[in-house]
Amino acid sequence: MKPFRSCLALFLIAGIAVQPSLIASNHREAPITALDHKADITDLYAFVSYSADQAANTRPSKVTLILCVDPFLEPGNGPTWFPFDPDVLYQIHVDNDHDARADVSFQIRFQTQYQLPNVYSALAGIGDNGANAPGTSNLVVPPQIRDFNNPGLNLRQTYTVTMVRNREGFDDRDDDRDDVAEATQLTNSDGSPFFAVPANNGPRTMDYDALYNAGVHHLENGISVFAGTVDDPFWIDLGAAFDTANFRHLGSGIPGVLTAAEDAANQNFASDTVSGYAVNAIALEVPIQMLTRTSEIEPPTSPDATIGVWGTTSRPRVMIRRSPNPAQNFGPYRQVQRIGNPLINELVVGIGSKDRFSMDKPKNDSQFANFFLDPPIARIVEALYGGALKVPAAPRTDLLPLVTYAAPIAAAGTPTGPVADLLRLNTGVPATPLPNATRLGLIGGDPAGFPNGRRLYDDVVDITLRVAVGGVLIPTFNHFPNNRLGDGVNLNDVPYRTQFPYLADCPSGRDRRHIDPGEAGGGPVN
Amino acid sequence: MKSLASALLVVLLASVVSAQVSLNPPTPAQQKITWAQAAIAAHPDHSQPYNDLAVAYVHRARETADTSYYGQAEAELQKSFQIAPNNVEGQRARTMILLGRKDFSGALDLAKSLNKRTPDDVLSYGLVADADMELGNYKDAELEAQWMLDIRPGNVPGLLRGAHLRRLFGDAEGSMDFFSQAYQQTPPTQVEDQAWILTEMADLQLSIGNTDGAEELLHSALEKFPGYFLSLETLARAQTAKQQDLEAVELLRWRNKAFSTSASRYALAEALERAGLKVEADATFAEFEQDARRVIHADDNANAELIRYYLGRGHNSKEALRIAAIERERQHDVYTQDAYAWALYANGQFPQAQKEMEEALGVGIREAAIFYHAGAIAERSHDRAAATRYLKESLALNPSAELAGAVREVLDRLTPASATSRHSH
C-alpha cells in the first residue's frame, strides 16, 4: 500500500510556527539562535596579545582569541546562573592558507558537577568558616568561595580544550574525525582540570577575583586558556540602534552623528545597553607559530602572516538515517551558529537567510555575496537621513577587505581566497601600545585594530556604521557626516584587564547596575 | 521493539485523554475557511487572507478526499496574486495544490524557487522534500528533511518527513519514533492532523503484521476525526488482514458514502470479491476500470490500482505493463518501481524486472509485499539464493500478510526441505 505522502504538505501549516525574531546586536541575531540562548554567539575577538606597558613595535608573539556566548546574562539571576552547555561543542577555527577552511580548530567541551546536590543554589558561601546550624557544629552554609574546590561552588564546571589540525584540502565538518590529521588535548602540567569561572553572584558568596585569577591556566606549550562568566565586553546603544536607527540627538544636532570632540572623547554620550550584563566567554592565547601555515611568526609584509578566524557552536543532531546496532538517533554535530566579523549576520544578512548563514560554512559564503556587497543597512540608513547622507552605490567592492584576504589587512601577494565572513588578522602587525590605541581601529589610523582582527576596545558599531554605511574606505566618501557616524557609546562601562584574558570581571549580582538613558553616563533620552 | 511498543502506548494513552467530546463540530479546515472568509470581508485588499483561504481549501481536500477544493483554492490564489504578484505565501499555497494534484515535477520546481527566495523557511524545505520523495529523489529528500530537523530540532513537519524517509529506508522502529514525537506535539484541536498521524502509524503497523496495534490506532483516529476516509480505508485493510471481509466491505461502503475516488472504488471492489459478493464486485470493478482509464495520462490518476487490476482480475498483463511504464516515466519512487517490476515479471521480462527491483530495494525499503515480488522475480531469474533470501525476509517482516501463502508456496518450491519441516510441525 502506498502511503499518503502527498498529504504531508498540510503539516507545514499546522505543525510549526516560525516567527522571525527582531534582530538585536550580535546578541540573538538570527531566529535559530534566538531560540537557543546557550549556543548563541555574541562576539568574537582576535588580536595580537599585549600588555599594560606594551612598547611600540614589539614583535608579536601570541594571539588572543575570545569567543563570547549566551547574551544578556543578568548576574543576579540565580539559583543556577549560567553554566556553559555540556551539549554544545564550542569551537574557534583558524584558516591559515586563505581557502576559508579550518586548518587549526580549538574545540571546547564542558562538564558539570554538583558538589552539594541537595542545596538549592549553585553558589553559596559566607565568611572564612561558613555558617553552622545554631548550637551545633553542623556546617549548613559553606565558607566564602575562593577556590574551585570550595563546596559552595555547588554547580562546578570543568572543560577540555582540544587543538585539532585538519587535513589539508579536506572540508571542516564539525567533529568529523575523518578530517582530523592531529588532535591534541591541552592540559595543565599537573594534570588538574580546567575550571570555568562562575558568575559573580555577590561579595558575601565569593571572592570573584580570586576565582577569575585561578581560572587562567597557563600551559607548558605556551597556550593559555580561560573560560567563565565575565562582564559583557560589547557596548552599544542597542535600544536606539534597533529602533530603526533612532539614534539620540547629541552635540551635532544630527542623530547618529558625533561632533569632533565627542568622537575623540573617552567617554559615553549615550547609554551602553549591555552595561551591567554578563556573558560567557572562552579565551585562548596561542603562540603565533601554532597558527600560521609556515609555523613561523611572519612579518606583516608576508602573505602568510594573515589568518582568518571564526567561531562556531554546534549541537548533536537528530539523524534521519540512524546508526545501527543499537540504533542511535544522534549523529554528528549540526552547527547552530558562527561568527567572523561583528554585525555581519545582524546588519547585513537578510532575515530570511540568517539561519542558513548561521548554519553554513564560510567556504560557502559566495551565496551571501549579494548581501556583503550590497548591505541593506546602508540603504535603510540612507533613506532615514532623507538625502543628508550619501552612501556608495552597490556593488560595494570597498567592503571586500572584510570578506576576502585583501589590503589594508593582508599583505600584497596574499591570495584573496573566496568571499567568506572571517575575522582577518595580520599576525605580523605589532600591538599598539594602549595610550596610542584608538577605538576606531584601522580607520582611526591604528593598524592593529578592527578590521585587522578585533580588540575588546574596538568600537565596531561606529566603525561598521562608517565603513558599511558611510563607505569611508572610499576616499570620496571619507568626509562629514559619513566619517562621524556613531551611536554615542564610545567605550565599555567598565575597564578591561590589561593582560590575558583581558575581559573585565563579571558584575556583582547583588550590586550590578544597568545604565539607562537619562542617567549619569547614560546620555539623553531623546 | 521495546521503544516501538512504548511509542504506541504513549500515543494510545494520549488519545484517550484528549478524546473528542462534542458532536459534529466544524472541522479544523472548516474553521479555517470561516476565519479566512471573515478576514477577506474585513480586508479585501490584502493578499494574505486569500492565501489563508486557499490553504484552508487544500486542508479541506485532505479532510475529505474531494479534489474539487483545489480548484477553489486556485481561484483564491488568483485574487491574492492580483493584489501582490508572486507573493511567497501564495506561491507556497500553490505548491501545496500542485502536490495535492500530484504534479510533483511542477511542485518541485516551484518549491525550489520558494526555497531559494527564503532559505530560512523550514516549510519550503518540507515542500521540496515532499516532491522529491514522490519523484524518488530520496537522497535529496533526505538532505532537505535533515536540514529541517537541523534548523528547528523536533519540528513536526520535519519529524513527519523524517518518519516517511525512515520507513523508506527500512527503519520501521525509527519511523514510529518520529511519528510518535510528531503526534505528541500536534495540538489537540488539530484533530484531522492527529488522525492523519495515527493512520500513518497504523499503516506502518499493518506493514509489519501488527494488525491489532494498527486497529487500536485507527479506532483512536476515528474517535478523533469521525468518518475520516483515510482511517476507514486503512481499517478496512486491517479487517482484510484478519479475514473479516464483510467488515471490510462495510467500512469501505462507509468510506465511499461521502466522496469516493477511483482508488477507493477499487478497494471496495476487491473487498466485495473477497466477501463473495460477486455481482456487486463485478459492477464495482467495471465502474472502477471505466473511471480509472479516463485519467491514465493525468497526474492525479488511479494507475497503481489499475496496474494491480490488470495483473489480477483484469487478466491483461500487457496493459498493466503499458500503464506501469507510463507511471514509471512520471515517478521513480519505490512503489512505482515495484509496480513496474511486477508488471515486467508478469510479462516475462525477468532481467529487466530484476534490475528495476534491485534499484527499488537499494533505497533500503523493507516491505513484505515488495520482498515477495523481489523473491518471485529472482526465482524466475534463476537466482535461487536471492529468491530465498527475499522470500524469507517477506515472511519475517509480516508472516500474516495477505500474500504470505503465496510467499510460502514459492519458498517451498525453492527449498523443499524447509517446507517438509514446516508441514511436519
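Reader: Which residue just after α13(B) takes a positive phi?

Author: In this predicted model, B:Gln243, which comes just after α13(B), takes a positive phi of about 60°.

Reader: OK, and how does the length of α13(B) compare with what it should span?

Author: Helix α13 of chain B covers residues 229–241, and at 1.5 Å a residue its 13 residues should span 18 Å; the C-alpha atoms at its ends are 19 Å apart, which agrees.

Reader: What about α18(B), which of its residues are buried?

Author: In α18(B) the buried residues are B:Ser317, B:Ala320, B:Leu321, B:Ile323, B:Ala324, B:Glu327 and B:Arg328. These buried residues pack against α17 (303–311) and α19 (334–346) of chain B.

Reader: Switching to pairs of helices, how do α2 and α3 of chain B cross?

Author: The axes of α2 (residues 28–42) and α3 (residues 48–64) of chain B come within 8 Å and cross at roughly 160°. That makes α2(B) roughly antiparallel to α3(B), the cut-off for this being an angle over 145 degrees. The crossing of the two helices α2(B) and α3(B) is left-handed.

Reader: Which residues meet there?

Author: On the α2(B) side they include B:Ile33, B:Ala36 and B:Ile40, and on the α3(B) side they include B:Leu53, B:Ala56, B:Tyr57 and B:Arg60.

Reader: And what about α5(B) and α7(B), at what angle do they cross?

Author: Helix α5 (residues 88–100) of chain B and α7(B) cross at roughly 20°, with axes that come within 11 Å. They are therefore roughly parallel to each other, and α5(B) passes α7(B) in a left-handed crossing. The contact is made by B:Arg92, B:Thr95 and B:Leu99 of α5(B), together with B:Leu123, B:Ser124, B:Leu127, B:Asp130 and B:Ala131 of α7(B).

Reader: Where does B:Thr118 lie?

Author: B:Thr118 lies in the loop between α6 (104–117) and α7 (122–135) of chain B.

Reader: Is B:Thr118 buried or partly exposed, and what is it in contact with?

Author: B:Thr118 counts as partly exposed, because it has 18 C-beta neighbours inside 10 Å, whereas a buried residue would need 20 or more. Leaving aside its neighbours within four places in sequence, B:Thr118 is in contact with A:Gly352, B:Val88 and B:Ser124.

Reader: Now chain A, what is the strand order in the open sheet of five strands?

Author: The order is β1-β2-β12-β11-β10 in chain A, and the pairing is antiparallel. The strands β1 (41–48) and β10 (217–218) stand at the edges with a single partner strand each, so one side of each is left without a neighbour in the sheet.

Reader: How many bridges join β2 to β12 there?

Author: Nine bridges join β2 (residues 62–73) to β12 (residues 278–287) of chain A. One example is A:Cys68, whose bridge partner in β12(A) is A:Ala281.

Reader: Which strands does β7(A) pair with?

Author: Strand β7 (residues 155–166) of chain A is joined by eleven bridges to β4 (residues 104–114) of chain A, and the two run antiparallel. A:Thr112, for instance, has A:Gln157 in β7(A) as its bridge partner. β7(A) also pairs in the antiparallel sense with β8 (residues 180–186) of chain A over six bridges, and A:Arg165 has A:Glu182 in β8(A) as its bridge partner. With β9 (residues 194–195) of chain A the pairing is antiparallel over two bridges, and A:Thr158 stands opposite A:Phe195 in β9(A).

Reader: Last one, where is A:Asp374 found, and what is it in contact with?

Author: A:Asp374 is found in the loop between α8 (369–373) and α9 (376–384) of chain A, and it is partly exposed, with 15 other C-beta atoms within 10 Å. Leaving aside its neighbours within four places in sequence, A:Asp374 is in contact with A:Ala394, A:Pro395 and A:Arg396.

How values were computed:
Residues are numbered from 1 along each chain as its sequence is written. Chains are lettered from A and ligands numbered from 1 in the order in which they are written. This is a predicted model: local features need pLDDT of at least 70, side-chain atom pairs count only at pLDDT 80 or more; totals for chains, interfaces and linings use all residues. A residue is buried if 20 or more other C-beta atoms lie within 10 Å of its own, exposed if 12 or fewer, and partly exposed in between; C-beta atoms are placed from the backbone. Helices (H or I, at least four residues) and strands (E, at least two) are DSSP runs, numbered from the N terminus. Two residues are in contact if their C-beta atoms, placed from the backbone, lie within 7 Å. Two strands pair if DSSP finds at least two bridges between them. Axes are lines fitted to C-alpha atoms, for helices over the stretch in contact, and angles run from 0 to 180 degrees between N-to-C directions. Angles under 35 degrees count as roughly parallel, over 145 as roughly antiparallel, 65 to 115 as roughly perpendicular and the rest as oblique. A crossing is left-handed if the near helix is turned anticlockwise from the far one by less than a right angle, and right-handed if clockwise. The expected span of a helix is 1.5 Å times one less than its number of residues.
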